[in-house]
Amino acid sequence: MSIIKNSATDPNKILPMRYLWARQHYKDGVANNWTPEEVSMQKDVEQWKHPTFLSDHEKRMILWNLGFFSTAESLTANNIVLAVYRHVTNPECRQYLLRQAFEEAIHTDTFIYCCDTLGLDPDEIYNMYNTIPSIKEKDDFVVELTKSIFDPTFELHTDEDIQRFVHDLIGYYIIMEGIYFYAGFAMMLALKRQNKMVGIGEQFEYIMRDESLHLAFGADLINTIKTEFPAIWTKAFQERIAGLIRKAVELEKRYAYDACPKGLLGINAEQFCDYVEHIADRRLERINLPAQYHKENPFPWMSQSTDLSKEKNFFETRVTEYQSGGNLDWD
Ligand code: MN
Ligand code: FE
């Protein structure tokens with residue numbers, strides 16, 4: 001019995017469970033429930049429409065992040081539903097994948113809500129993956145990287161197939177969700193720290209918290225497959241994966257420079273790049289590969305938003321109330 005390749009066992013028989021971490025990620029996801037409409041955009045709309053409140057540089061940076069995220073979220077939703085779900089047959093993992101798919105729908109909804117409330121041109125935002133080279137390069141790289149799992153004839157039979165599958169899972173969970181989102185998160189949360197576009201900033205905090213769970217599930221899934229099929233985790237394969245991650249880091253740094261060439265509010269563009277390298281090392285370690293960059297975290301405040309521990313109320317608003325479950329007494 002293994003986490004993949006067991007179509008002989010009944011995918012509807014969830015009990016007894018074997019992978020309790022998958023169950024825990026599912027419960028953590030449910031405890032984090034939120035929807036974009038709960039976050040007021042009133043102040044954001046005033047700031048966005050004000051002739052001088054935001055600089056052109058800040059506005060451009062916001063648009064680029066909305067442009068990248070708006071289509072990246074549907075890309076990840078499609079990956080889950082159309083590709084990953086088909087091959088991960090274990091029932092408790094599938095329960096998590098359904099939850100994750102719902103969260104990706106919430107994230108997609110967030111960018112619809114932002115476009116609507118700020119009165120943005122959807123053709124501009126939803127075309128940036130074609131029109132902005134450093135966004136297109138990121139998307140093209142990850143689409144190319146996750147090609148096998150989208151191939152309708154792809155099946156998991158040999159060790160080579162499993163290696164290919166793990167390669168694609170790393171492309172999707174570690175690179176797309178674990179690296180590509182983080183320059184954008186840092187920029188939008190840096191802006192929020194200056195009380196600019198706080199509604200969008202809060203939505204990005206919620207998204208980042210969800211994404212850190214997606215990444216945790218993805219890493220557990222990848223590491224479990226490695227444990228169950230140790231023959232696939234060869235030295236050559238490990239080096240290939242590290243090379244892909246280095247390439248992704250280059251693309252993310254290029255994006256960070258392009259989206260925010262002049263830096264932001266006391267942060268220079270290099271610090272966003274250092275942050276990407278710092279994050280990439282954490283991702284490498286998560287799948288037991290050696291760190292490559294050894295950069296200190298230039299934004300310690302970011303980890304307060306990502307590494308949320310249950311007992312603490314990091315958010316000013318609703319998170320704790322959601323986690324208290326049945327008490328429907330939030331404002
Ligand atoms: Mn997402
Ligand atoms: Fe995600």
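In this predicted model, K147 is partly exposed, with a relative accessible area of 46%. Its salt-bridge partner is E144, with N and O 3.1 Å apart. E144 is likewise partly exposed, at 46% relative accessible area. Side chains of opposite charge can pair when their charged atoms come close. The structure holds 15 salt bridges.

A further salt bridge joins D140 to K136, with the closest N and O atoms 2.9 Å apart. Both residues belong to helix α7, which covers residues 133-145. They are 4 residues apart, about one turn of the helix. D140 has a relative accessible area of 41%, so it counts as partly exposed. K136 is partly exposed too, at 32%.

The salt bridge of K253 and E277 brings its closest N and O atoms to 2.6 Å. This pair links distant parts of the chain. K253 lies in helix α12 (residues 235-259) and E277 in helix α13 (residues 269-286), 24 residues apart. K253 is buried, because its relative accessible area of 15% falls under the 20% limit. E277 is also buried, at 7%. Both residues belong to a network of salt bridges that links E250, K253, D274, E277 and K295.

The metal site holds an iron ion (ligand 2) and a manganese ion (ligand 1), 3.2 Å apart. E104 coordinates both ions. The iron ion is coordinated by E104, E177, E211 and H214, at 1.7 to 2.8 Å. The spacing of the donor residues in sequence is E-x72-E-x33-E-x2-H. Distant parts of the chain are linked here: E177 sits in helix α9 (residues 159-180) and E211 in helix α11 (residues 198-228), 34 residues apart. E177 is buried, at 0% relative accessibility. E211 is buried as well, with a relative accessible area of 0%.

Helix α10 spans residues 182-193 and has 12 residues. From first C-alpha to last, α10 reaches 16 Å, close to the 16 Å expected at 1.5 Å a residue. Of its 12 residues, 11 are buried, so α10 is largely enclosed by the rest of the structure. The buried residues include Y182, F185, M187, M188 and K192. N195 follows α10 and has a positive phi, near 60°.

V81 is placed in helix α3, residues 56-87.

Technical notes. Residues are numbered from 1 along each chain as its sequence is written. Chains are lettered from A and ligands numbered from 1 in the order in which they are written. This is a predicted model: local features need pLDDT of at least 70, side-chain atom pairs count only at pLDDT 80 or more; totals for chains, interfaces and linings use all residues. Side-chain values use heavy atoms; hydrogens and water are left out. Helices (H or I, at least four residues) and strands (E, at least two) are DSSP runs, numbered from the N terminus. Buried means under 20% relative accessible area, exposed over 50%, partly exposed in between (1.4 Å probe, protein chains only). The expected span of a helix is 1.5 Å times one less than its number of residues. A salt bridge is a side-chain nitrogen of Lys or Arg within 4 Å of a carboxyl oxygen of Asp or Glu.
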